[in-house]
Amino acid sequence: MEKYSEFNALIKDFIELFDTLIDVEQKKLDAVIANDIANVEESIKKEQAVILRLRGLEHQRESTQVSMDMKDLTFREILEQAPEDVSEALTPMFEELSQKVRTFQSINDNAKDAVNVKLHH
């Protein structure tokens, strides 16, 4: 379980980061819809800062996986190889993270569509 504790903490960090990213992206979408350029720009700045943090977490994840001898495995593959008690603890977190990533992608797609509509009208 010990070798998975850092991985567990990373998943929690990813979840928190995606919560922040979802909030920023939703504010950006709302600003685009309201044609509020100043808030769109502010949201983009915040989004860039969060993305930098995301890249940092990605580097941590890669380093952690190397130390776990699971360098090129996906989260799902790590869960499959983990002991049952670890897998049972990590699976709900992985599912929550997956849902947050999908939510972010959906809001991001909507924001892109809204920008395209605004630009072409």
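The radius of gyration is taken over C-alpha atoms, and the globule rule used for comparison is 2.2 Å times the number of residues to the power 0.38. A compact globule of 121 residues would have a radius of gyration near 14 Å, whereas the protein chain has 17 Å. Along the principal axes, the C-alpha atoms of the chain fill a box of roughly 55 × 20 × 20 Å.

This is a predicted model, in which local features need pLDDT of at least 70 and side-chain atom pairs count only at pLDDT 80 or more, while totals for chains, interfaces and linings use all residues. Residues are numbered from 1 along each chain as its sequence is written, and side-chain values use heavy atoms, with hydrogens and water left out.

The protein chain contains 4 helices and 0 strands; helices (H or I, at least four residues) and strands (E, at least two) are DSSP runs, numbered from the N terminus. Read from the N terminus on, the order of elements is α-α-α-α. Contact is understood here as heavy atoms within 4.5 Å. Of the contacts between residues at least 6 apart in sequence, 73% join residues at least 24 apart.

The surface may be considered next. Accessible areas come from the Shrake-Rupley method with a 1.4 Å probe, and for residues only the protein chains shown count as cover. The accessible surface of the protein chain comes to about 7600 Å², and 51% of this belongs to carbon and sulfur atoms. A residue is called buried under 20% relative accessible area, exposed over 50%, and partly exposed in between (1.4 Å probe, protein chains only). By this criterion, buried residues make up 37% of the 121 residues in the chain.

The interior is described through its nonpolar core, a set of buried Ala, Val, Leu, Ile, Met, Phe, Trp, Tyr and Cys residues joined through side-chain atoms within 4.5 Å. The largest such core has 32 residues, and those with the most contacts inside it are Tyr-4, Phe-7, Ile-11, Phe-14, Phe-18, Leu-90 and Leu-97. Helix 1, helix 2 (37-67), helix 3 (75-81) and helix 4 (84-119) each supply at least two residues of this core. Helix 1 gives the most, with 13 residues.

Leaving aside neighbours within four places in sequence, Tyr-4 is in contact with Met-68, Met-70, Ile-78, Gln-81, Ala-82, Pro-83, Val-86 and Leu-90. Leu-90 is also a partner of Asn-8, which is in contact with Leu-90 and Met-93 when neighbours within four places are again set aside. Asn-8 is found in helix 1 (residues 2-33), and it counts as buried because its relative accessibility is 15%.

Ser-87 is found in helix 4 and counts as buried, because its relative accessibility is 17%. Beyond neighbours within four places in sequence, Ser-87 is in contact with Leu-79 and Ala-82. Glu-96 is likewise found in helix 4, but counts as partly exposed because its relative accessibility is 39%. Glu-96 and Ile-15 are 81 residues apart in sequence and 7.3 Å apart in space, C-alpha to C-alpha.

Asp-30 and Ala-111 are 81 residues apart in sequence, with 8.3 Å between their C-alpha atoms. At 40% relative accessibility, Asp-30 counts as partly exposed. In helix 3, Arg-76 may be examined; with a relative accessible area of 49%, Arg-76 is partly exposed. The C-alpha atoms of Arg-76 and Leu-90 are 10.0 Å apart, and the two residues are 14 apart in sequence.

Two loop residues remain. Asn-35 is placed in the loop between helix 1 and helix 2 and has a positive phi of about 60° although it is not a glycine. Asp-69, in the loop between helix 2 and helix 3, has a positive phi of about 60° and is not a glycine either. Asp-69 is exposed, because its relative accessible area is 72%.
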